[in-house]
Structures are given as C-alpha cells and as structure tokens.
Number of protein chains: 2
Amino acid sequence: MKRYEKFADEIAELIRTGVIAPGEKVPSVRHASRTYGVSPSTVFQAYYLLEDRGLIQARPRSGYFVHALARRQLHEPDIGQYASDSVEVDVSELVFSVLSSLKDPDMVAFGSAFPSPNLFPLARLSRSLANSARDMQPHSVIADMTAGNPDLRRQIALRYMVSGMMLPLEELVITTGAMEALNLCLQTVTQPGDLVAIETPAFYATLQVLERLKLKAVEIPVHPREGIDLDSLADSLQRFPIKACWFMSSLQNPLGASMSDEKKQALYALLKQHQVPMIEDDVYAELYYGSQPPKPVKSFDTEGLVMHCGSFSKCLAPGYRVGWVAAGRFAEQISRLKLMTTISPSVPAQAALADYLQHGGYDRHLRKLRHALESQQRAMLASAARHFPADTRVTRPNGGYFLWFEFPTRVDSLQLFQHALAQGISLAPGPIFSANRHYGHCARLNHGHPWDARSEQAMATLGRIIASF
Amino acid sequence: MKRYEKFADEIAELIRTGVIAPGEKVPSVRHASRTYGVSPSTVFQAYYLLEDRGLIQARPRSGYFVHALARRQLHEPDIGQYASDSVEVDVSELVFSVLSSLKDPDMVAFGSAFPSPNLFPLARLSRSLANSARDMQPHSVIADMTAGNPDLRRQIALRYMVSGMMLPLEELVITTGAMEALNLCLQTVTQPGDLVAIETPAFYATLQVLERLKLKAVEIPVHPREGIDLDSLADSLQRFPIKACWFMSSLQNPLGASMSDEKKQALYALLKQHQVPMIEDDVYAELYYGSQPPKPVKSFDTEGLVMHCGSFSKCLAPGYRVGWVAAGRFAEQISRLKLMTTISPSVPAQAALADYLQHGGYDRHLRKLRHALESQQRAMLASAARHFPADTRVTRPNGGYFLWFEFPTRVDSLQLFQHALAQGISLAPGPIFSANRHYGHCARLNHGHPWDARSEQAMATLGRIIASF
C-alpha cells in the first residue's frame, strides 16, 4: 500500500466518522502536509484519490470540500420488535421462488446475493488456476482431498495471524464454500428438534437450513447499527435450552450491523457462561469500509466454543466454492462429517486460491473492491433519497454491498417484488429474512454492481411502484 | 479407435469369455486375416497389443498362445449369509480409524479407494482447466453455480444418449462428487428412523451415511458374480416398510459383482411394484473390462424411480469433485437441497471437465485405463495364488480395481490390517463393509496401481502374515 493511499484512507476515516462533516473543507495541502508530516505531492495524490472515490470535491479557488450530503437523507431504521421464543421455520418455498427469479442475467440485480463478477480479478485467478494445475503433483490430487491443500491452509492461517489471531492449523477445515461449513457446524452441535438462536432479520439461508434440519429458531433482534441485542439474548439463554447460536457479528446480512469489540466480548462471555457454541458466519469480513478490519467474536474465544466460518466467494472468487471453518473444539467432528458428505472441495480450485493468495495481490484487490462498494453505497443512498418516500428508512452499513430499506407500512414488499420483476428489476423482499414472514414492508437491495444510468432509472421505477401503494 | 485396437478387443473378449482357453493357440496371422477380413499387419499389431497387455505370449516358431493361468488358481467365494432384518449402523469409528491409516504416501496402497493418480490424464486436464478458465464469462462464474455448467450438462447427457438412454436435461443435478449426490438422494427420500435396503457387504461410506442420518439398514446379500439376491430383496420389500434401496448394480464395491440385464430388469420390476425409489451408485460404470458397457438399472426406469449417481472421480479426475445424479422425479427436490448445503461444485472444475469431454480424448483414455486395470488384476490374482493359502477365495470382477478375498476363518482381518500396516502395507479389512462387523476373515485389496516388484513383495508379506494365524 502506497503512502498516499494510506493517507487517503486516514482522511476517509475522518470523513466517515464525522470528524470532518459533509460540506466542510478538508485541510489545505500545505496545512495537511505540515500536520501529518507527509509531502505535498502525497497529499495531492491522496486528494485526487478521494475525489475519485466521490468523498470530496474540488471547488475552484477554494480547495477541497467533503461532498455535501444529498439534499435530503433517509433516516435509519429502529431496532426491530420481532423477537420470538421458539418457532418452527417454514419459509423455504418462498425463498426458492424468490431465488429462482434471479436467474435472468438481464435483470437489474438489486436482489442478487453477490457483487458484480466484474469486481473480481477473474483473469488473474485463471492464471493462478493454470499455474497451480501445471505444477500439481499426482499424489496431491488424492491426498489434498482429505487434508485440504496445505498451502491454502497456511495462507488462511497467516491471514488470521496478521489480524492478531494465532490459530492452530488443526482447527481449520476447508469446505465447499461457507455454506457447507455452516451446515456442517450446525449438524455437529445439534439434533433435530433442538433450539438455535438466530438473528432477526436473518440471512434467508439460515432459515432454510434450520427448516431442513428440523431445528427451531429463537429469534434475537438485531440493531441496525449495533448488532445483536444482548439483553434479549441473555434472557433467551436463561429461559431456553438453546443448543447453538448462529450469528453474523460483523456486517450482518441483511442489516449490515457490526457489533463493537466490547459487545463482541460481552457476547462471548454470555456464550461461555452458558457453554453454548456459536457459529460465526463472517463471510463479509473483508468488505469493511474503514481502515480497521472488524474483529470476529472468535478472537475472544478462549475455549474453542466459536466456529468461525469464512469464504472467498463474496470477496474474491465466487464459483470456486472454497470456504473454511476455524472450528475450535469441534474441528475433528466437522472434518469427519465432511468426509461423509462431500469429501472435499475441488482440489484444483484450492490450489489456485493458494497460488493467488501468495502471488496475486489479494490485499490490493480488496482495497479496490472496498472502495468500489463504498462509492456504490453512496450512490444508492443518494438515489434512494431522491426517489423513495421521505418516510422510508435505510441502513448505512460500514461495509458490504447491501442496504436494508424499511418502507412505509402500507407498502407490501412481496407485491413490490412482483411488480419490480415485471419491470426487469430484482430485489430481496423482507419476508424471506424471517421465520415468521415479518418485515412485509422491508426489502434488501444490492449495490454490488457499478452504478450507472440503468441503476438510477431502476431506483426511480421502484420509487414509482412504492408510491402507488 | 484404430482398426487393430478394435480387433485386439474382439480377441480379448474371446479370451475373457473362455472361447479361446488358457494355453490354447490363437488363430495364426494368415488364418485370422482371412477369417476376420482384416489385413495381416492389422492382426500383427493387434497381437503385439495383446502381448503387451499380458493376454497372449509368443512361442518361438509356434505362434501366439493365450497366457496359461497361474500354476494354481484361487476359488471364488460363495454368496454370503449375512442378510439382516433391520439393524442400527455403528461402524463409522472403525472406518475412520482405517481411513486415517491411508494417508502415508509411502504405503503400498492396497487399502486405497482410488486407482493410482498416474493412470489419469492430469496434464491434459490441466490444459482444459487453463483453457476454460481463460474463456470464462464473468457472468457464468455466478450463474453456473445454481444451474451447473451448461456444456458439462450437455456432455453428460450425450454420454447417456450414446449408451442408449434419452435423459431430459432437467433430470441432471451436478454435485460435489458422487458422494454428495448419494447423500442428497438419501435425504430426499428418507426421514430419520426409516429403513433402507443396502447390500452386504456394502461400500463403507454407505454405512457411515446411514449411521449419520439415523437410518436403519436392511441388508441384502450380494452374490460375488451375479450381484444382489433378488429373492432376499423381494422378501424384505414384502416384510418391511423400506423407504429406499441404495445399490450398486454394476461392479459392486467391494465384491465387483455386476447383475445381468435380465436381473436388473427384474430388480426394477420389484421396485416399481413396491414403489420404492432406488439410489443407484454407479461410480465404476466406465471401468468395465469387456467391450460392452454394463447397463444401469436406470435404463429400465419408466417412472423416474431410479436416481442414477455418477462421477468423474474414479475414472478421470479425482480431486476435481464433480459428480452428478440423473434424479428422475426427485430432481427438483435434490437440486433445492443442494442449494441449501453446498450450493454448487466448483465452477472452474466443471468448465474444465466440459472442455476435456469435448476435446480431451476421454474414450481413448478410458480404453487405456481399462486395459491397465485389467492387466493389474491378472497380476494380483496370479500373485495371490502364489502367496496366499490355497483355501483363500477371491472374486474375479469384470471391471474396476478391487479384489475381495475370503481368507480361512482363522484369519482375523483387523489383526491382519494392523500387522500389514506395521510393514508399510494398507488394506481394507472386511468388517468396515458391514453394519454388523461381519466379514472378519475378509479383506478388499486395490490393484489400481501399476504392478511392480514392490507389489509382489507386499503380497508375499501379506501371505506370511496370513500363514501366521
């Protein structure tokens, strides 16, 4: 990372945290150069970059100013009131009917679960695939199935280490994407009929998996910015024989909430007190906008209670289907369960990722990706403020590529979904994020695709449909 | 396939079926040329090939003779007597302890589940990987996850078509190896506690999966040559509420038995009569030795009752983790279950196989592979006759790379397994193939590795350990 990029990120952080407010002037080049001990040309380059990222704008003869916010801004939603004691999950059919509508590539993909594939270094990955396949030892084609590619395992452990977590290699189980990891974890610590604490709203696949495994959900509300409501969780852990928690503590899907380190630590203390294992779904970990990666709850784990699930699917290589779990005390059981179900993720795909992580410039790619997603978020927020009713509420996550909209209660998001589909626009309606089909007036919109005139037009169309309710 | 290769295969078939007996002279070049209407040079080339494959040998001034059989031959086993009504399965721990012993690459790999990776066209596959990755459209990286690679689907359907089966593309679900296909099928048609008819002896993973899903096994004996005992199956279907059958109708693991077409048809009639779905594990389908591929039970299926599971792992690309199921009436359910568990096998691995199937020379590779496995089988059979006690029995499968040995009953194959391990030789002891840990005097030996002095020595060592009981 170059000096000016680092400096740009520092200024971006000041803007993001409100230290320099929208409309305010950023320090002059001379002033910044003196204050921060960097050369004027570094400051210039940094300001060009920030301008490029849409954070500041030059005013002739006046210097650089933080982009004024859109004329009007939508408010954030409040924390939801849909906690539930213990419910059967029955939402899978609805989810499938929504997902199957996403197949059309000509659709405006606000409903997609992935960022645009054009944001990923596919050509560079192909080279890694070719390189590593050429060098592959015949023996390893079979041996790497049970053990996993040793280089990939080391690279993943190294990334944990860089973020301050010393992870014994034996804890790592490489899986066919995070989805398999989550499934294996849940099956390892539960039996049919057991209670599992999940978030509300929750990632719809969580609900589907619970339904499939005949598990019951205890729903814990999520604050749109601060994450899981710990009082509610403490209460539920007290009252119910909860066998596992399945949470996203950072960049929660769909709300985008990230718990503070203090809250994460308190959450772990609760788990430890009740000796309840936690499945930590952390697939958006690399997509934070600030300069500091969020810590996972796993980083506070002293007893191997947390199964930390990660993946390359959302940040590097969708379709390669390689994920992992740092599985604490459950690693051996999970590994065995994997041998009985899929045996192994693709060995050449593992080798390609190992090669890419070593030589491909992963951190450089991630910085570019984060900046793209951040500027697309600003574009969607501004567009929503232009086209959606003023009493619409929306989250402002500090990472990822989802916004969660709460429309006025007269809006039926399943109808909105149908009308939008007819106009060639997909979205993820609120009810697929709830075991009880709550959130009937909410929707998750994906801003993972480069923002263009078509996106803007689609938002205007959505605005018109919403106004018609 | 060249003319002389075709002619060599015809002669090989005559030898295999006993039309030309061991020790007998094969037709002279002039005679053969006249009788079969091929040129003398074609006959010469064919005989060289057959000599190379160890089927015939030249005697100076006398011509070519079918290889005399080893001085003595071991007998075939009888059909087992271990049918069971309905048993809990509890063998997983034992299987894992055996499997974990196979990791050492310096071991003589008689216990392995795979043929030698050196028998696969890994370099050509790497090229397919590089080609297809280079040409991949960004959109398809994501789209191919849910639908599967369209070219691969077409190629698989084409192979069914060539073997006389018209398969609607919608029936095909691409999976992370056959193991995932088998798991998905079983979960789709059963609930915990249900009864499933399986073979005895059975592939150990079948037993593990039943145990994991809390299913009960009804064990149907398998004849070492003729396959599943249909009387026993008919009786069990009559007496028990069997929810599914999980069978290998061709090249059954571990016995190598293949049912005749008539028996397969009769089996299907039974299934249809009782409306019981069948999971057909057909992963060795391409490894037949004769000139005719065996038909699957699926080819008689008129009601979509049979889920036919295949894979490239045993015949082309171990480690790529790409398999499929032609799932009949269960395709939609299986496809949905897959979306909830692993979503998709690796997209680049799918694309590589599609490219290879189109351009790589798959049929040529398969012919070479079959010939290698057949000549290695002959070598292991001859070696066993030299080193094992005369009252040892052994199967003579018409394909694949496993032999099943029944040693004298005083031999404890779990002890044999331990002693052999200490000598650097792995094997698969009989009890891992049975829900009740029967077959304590049996073992499965893999002849999927090129036969050499070390293999011969290992057989001698096994013979000494066996004699010590």
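Asp452(A) caps the N-terminal end of α16(A), with a side-chain oxygen 3.1 Å from the backbone nitrogen of Arg454(A). Bear in mind that this is a predicted model, where local features need pLDDT of at least 70, side-chain atom pairs count only at pLDDT 80 or more, and totals for chains, interfaces and linings use all residues. Residues are numbered from 1 along each chain as its sequence is written, chains are lettered from A and ligands numbered from 1 in the order in which they are written, and side-chain values use heavy atoms, leaving out hydrogens and water.

Helices here are DSSP runs of H or I with at least four residues, strands runs of E with at least two, numbered from the N terminus. Helix α16 of chain A covers residues 453-467 and has 15 residues. From first C-alpha to last, α16(A) reaches 21 Å, close to the 21 Å expected at 1.5 Å a residue (the expected span is 1.5 Å times one less than the number of residues).

Among the buried residues of α16(A) are Met459(A), Leu462(A), Ile465(A) and Ile466(A); buried means under 20% relative accessible area with a 1.4 Å probe, protein chains only. Some of what covers the buried residues, all in chain A:

| Element | Residues |
|---|---|
| β4(A) | 108-109 |
| α14(A) | 362-387 |
| α15(A) | 413-422 |
| β17(A) | 442-446 |

Over in chain B, His365(B) sits in helix α14 and is buried, at 9% relative accessible area. His365(B) touches, among others, Phe120(B) and Tyr356(B) (contact means heavy atoms within 4.5 Å).

As for the copies, a rotation of 180° with 0.1 Å of shift along its axis superposes chain B on chain A, RMSD 0.2 Å. That's the relation of a two-fold axis.

Methods:
Buried means under 20% relative accessible area, exposed over 50%, partly exposed in between (1.4 Å probe, protein chains only). Copies are superposed by least squares on the C-alpha atoms of residues with pLDDT of at least 70 in both. A polar contact is a pair of N or O atoms within 3.5 Å; within protein, one must be able to donate a hydrogen and the other to accept it, and residues adjacent in sequence count only if both atoms are side-chain atoms. Lists of a residue's contacts leave out its neighbours within four places in sequence.
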